[in-house]
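Work through the following exercises with the model open. Each task is followed by a solution in steps.

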Amino acid sequence: MTVSILRTAEGWWVQTPGGAARIHTDAATTAEVLANRRPIDDAAHSTDTVPVQNLSLLSPVTTPCRLVAQATNYASHVRDVGRDPAKTPLTFFRKASGSVAGPFDDIVKPAHVRLLDYELEIGLVIGREIPVGTEVTEANLADFVHALVVTNDVSARDVQLTKAQFYESKSYPTFTPVGPAVVLIDADELKRFGDLRLQLRVNGELRQDMVVEGDMLYPPVEALQTLARFQKVEAGDLILTGTPVGTALTARGVQNPHQMDLMTFLADQAKNPNYLHHGDVVEATVATDDGAIDLGTQRNKVVYT
């Protein structure tokens with residue numbers, strides 16, 4: 001059975017059927033709280049709880065940490081931006097961990113950004129160091145991936161496209177809402193990763209709705225196999241696994257989008273009403289359809305500066 005860990009300014013909690021039970025630990029970081037399961041298990045069986053809605057939740061992934069993301073990792077999204085999934089390699093980019101925000105914090109658009117977009121993603125929470133050269137397999141994947149979490153890879157598309165890079169466009173403060181919970185999973189539950197459904201709504205309108213299996217190009221085991229060839233990953237680090245179709249950015253209806261002049265393409269994108277506006281509310285959830293694995297729902301309001 002999964003265990004959902006919450007974080008507030010006061011400390012760590014386990015979400016139980018009766019509410020939230022305090023984890024009695026001195027852990028200051030996600031890595032530290034994951035390293036000792038005994039206090040977590042004790043809290044999971046506690047009847048001394050408070051209502052979850054009374055807690056002011058922070059990101060359950062603490063910073064600083066490595067924040068690594070897979071690019072164009074769902075076939076539906078790749079096709080939607082005018083590319084061929086069969087010709088799309090496994091690639092990564094980094095985000096600044098200063099972009100991490102809480103599950104109910106505002107998403108704040110910098111004044112110069114014009115095209116603010118969303119990307120619902122499943123986050124892998126690393127629980128054990130993966131040194132360079134580590135052999136990651138299906139059999140030992142759960143030794144390294146200890147938990148899953150809802151994330152949103154918020155993106156300034158005009159910055160991304162004009163500068164031809166991801167780091168700045170995806171690293172502004174609040175551009176990575178995380179949570180509400182770090183959900184601990186065992187090896188059997190991790191095998192159900194493909195059953196997870198990602199759903200994102202803007203002002204109640206369903207924008208993204210996709211099951212992982214059959215759409216994700218490079219699953220977690222392949223991602224970590226490749227990452228371990230060149231990048232050490234440590235406990236508490238967060239790996240974002242890509243987003244399915246449904247983002248505001250799209251090449252639908254555009255003839256030869258990769259041959260179009262960039263300014264013309266951006267002007268065309270500016271007419272798209274699906275980019276985020278001041279006051280929009282973004283709700284994102286990840287769960288299996290049978291509810292056996294439920295990462296929870298984050299809710300973020302968009303604020304223009």
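Two strands count as paired if DSSP finds at least two bridges between them; helices (H or I, at least four residues) and strands (E, at least two) are DSSP runs, numbered from the N terminus. The model is predicted, so local features need pLDDT of at least 70 and side-chain atom pairs pLDDT 80 or more, while totals for chains, interfaces and linings use all residues. Residues are numbered from 1 along each chain as its sequence is written, and side-chain values use heavy atoms, with hydrogens and water left out.

**Exercise 1.** Determine which residue of S3 stands opposite Trp13, and place the strands in their sheet.

Step 1. Strand S2 (residues 11-16) and strand S3 (residues 19-22) run antiparallel and are joined by 4 bridges. Trp13 faces Arg22 in S3.

Step 2. The open sheet has 10 strands with mixed pairing, in the order S4-S3-S2-S1-S14-S11-S10-S17-S5-S6. Strand S4 (49-50) and strand S6 (92-94) are at the edges with a single partner strand each, so one side of each has no neighbour in the sheet.

Step 3. Helix H2 (residues 37-44) packs on this sheet, in contact (heavy atoms within 4.5 Å) with strand S1 (3-8), S2, S3 and strand S14 (182-184).

**Exercise 2.** Locate the backbone exceptions in the loops.

Step 1. Most residues other than glycine have a negative phi, and most peptide bonds are trans.

Step 2. The bond joining Thr63 and Pro64 is cis, with omega about 5°; Pro64 lies in the loop between S4 and S5. Gly179 to Pro180 is also a cis peptide bond, with omega near 25°.

Step 3. Ala164 has a positive phi near 55°, and Thr174 one of about 80°. Ala164 is exposed at 69% relative accessible area, whereas Thr174 is buried at 17%.

Note on methods. Axes are lines fitted to C-alpha atoms, for helices over the stretch in contact, and angles run from 0 to 180 degrees between N-to-C directions. Buried means under 20% relative accessible area, exposed over 50%, partly exposed in between (1.4 Å probe, protein chains only).
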